[in-house]
Amino acid sequence: MLSFTQKHLKNERVVAYLEIVLGCIIGGAAYPLFLVPNNIAPGGLTGIATIFNYLWGWPVGVTSMLLNLPLFVIGWKAMGKVFVFRSLVATILFSAFIDLLQVPPLTDDMLLGTVYGALVLGVGLGLILRGGATTGGSDMIARMVHNQFPIVTVGAFLFAVDCMVILCAAFTMSAQAALYALICIFINAKAVDLVLAGFGSAKACFIITNRAETISSRIMAELDRGATMLNATGAYSKEQRIMLVSVVSQREVIPLKRIVRAEDQKAFMFITDTHETLGEGFSALNGD
């Protein structure tokens, strides 16, 4: 019999590979649907492969996989066997789906192809990264740099590195194609970061008030949400007050504001977005 921990780890591995496979399908579909028909080179080694496809008709998927092979030698030493194995699986699947998904392009408009191709590709790459892998190329380099310097986001690094590929597109394709590709990698980077951060639309509400007990009781009773009390000190007045922290859904923000307004019109309140909210009342903490 497997222990709880073993079952949990097994489930995490299954979810990770499902994310990788789904990401490869979605990301791979972006090429025949939007990018290749409109000669958009979206950065990275697949962008270089797209340029080769434009110049000599080489298949994007196979070319991309061959260009990635040297990076796996580096990644094996720098990132560990599990990560590199998952990335190898992702690279093979991603490259295969680019060439095997024989679907007609959805548009021949370069702007539409750029925007939607970038969004679809970004969602796919984001899922692959969430699964603990990359598709090689600049994705693998970005992941290695992010692990060493967490302040550098994966999307931002991809944007910086992929700009170099855009210059190649400008000389081999056209300046117009390069400009569209620049838009593509910017949208793609934002989509990757969004998928990695999460799609949650919950709101974190911070309330500094003299009526913390009453407000927190009403939050729990009327909204069925929890609240945390923190001690706060005014920097100027040195006055001790309570700060309530409560995470609610977007539709619960208005009722929460009404509760605060009714109980303490002198309260100070600010609300921020949360990228991902895990725990009771929201997504399961072990659901990723």
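These legends describe close-up views of a predicted model.

**View 1. Helices α9 and α10 pack against each other.** Helix α9 spans residues 212–223, and helix α10 spans residues 253–263. Their axes lie 10 Å apart, at an angle of about 145°. The crossing is right-handed. From α9, the contact takes in T214, I215, R218, I219, E222 and L223. From α10, P255, L256, I259, V260, A262 and E263 take part. Eight of the contact residues are nonpolar, one is polar and three are charged.

**View 2. A salt bridge joins R130 and E19.** The N to O distance is 3.6 Å. R130 sits in helix α5 (residues 110–130) and E19 in helix α1 (residues 4–35), so the pair ties together parts 111 residues apart in sequence. R130 is partly exposed, at 23% relative accessible area. E19 counts as buried, at 13%.

**View 3. E263 pairs with R211 in a salt bridge.** The closest N and O atoms are 3.0 Å apart. E263 belongs to helix α10, while R211 lies in the loop between β1 (203–209) and α9, so this pair ties together parts 52 residues apart in sequence. R211 is partly exposed, with 36% relative accessibility.

View 4. E222 is partly exposed at 46% relative accessibility. R218 is also partly exposed, at 24%.

**View 5. R211, R218, E222 and E263 are linked in a network of salt bridges.** Of these residues, R218, E222 and E263 also belong to the contact between α9 and α10. The whole structure holds six salt bridges.

Conventions:
Residues are numbered from 1 along each chain as its sequence is written. This is a predicted model: local features need pLDDT of at least 70, side-chain atom pairs count only at pLDDT 80 or more; totals for chains, interfaces and linings use all residues. Side-chain values use heavy atoms; hydrogens and water are left out. Axes are lines fitted to C-alpha atoms, for helices over the stretch in contact, and angles run from 0 to 180 degrees between N-to-C directions. Helices (H or I, at least four residues) and strands (E, at least two) are DSSP runs, numbered from the N terminus. A crossing is left-handed if the near helix is turned anticlockwise from the far one by less than a right angle, and right-handed if clockwise. Contact means heavy atoms within 4.5 Å. Ala, Val, Leu, Ile, Met, Phe, Trp, Tyr, Cys and Pro count as nonpolar, Asp, Glu, Lys and Arg as charged, and the others, Gly among them, as polar. A salt bridge is a side-chain nitrogen of Lys or Arg within 4 Å of a carboxyl oxygen of Asp or Glu. Buried means under 20% relative accessible area, exposed over 50%, partly exposed in between (1.4 Å probe, protein chains only).
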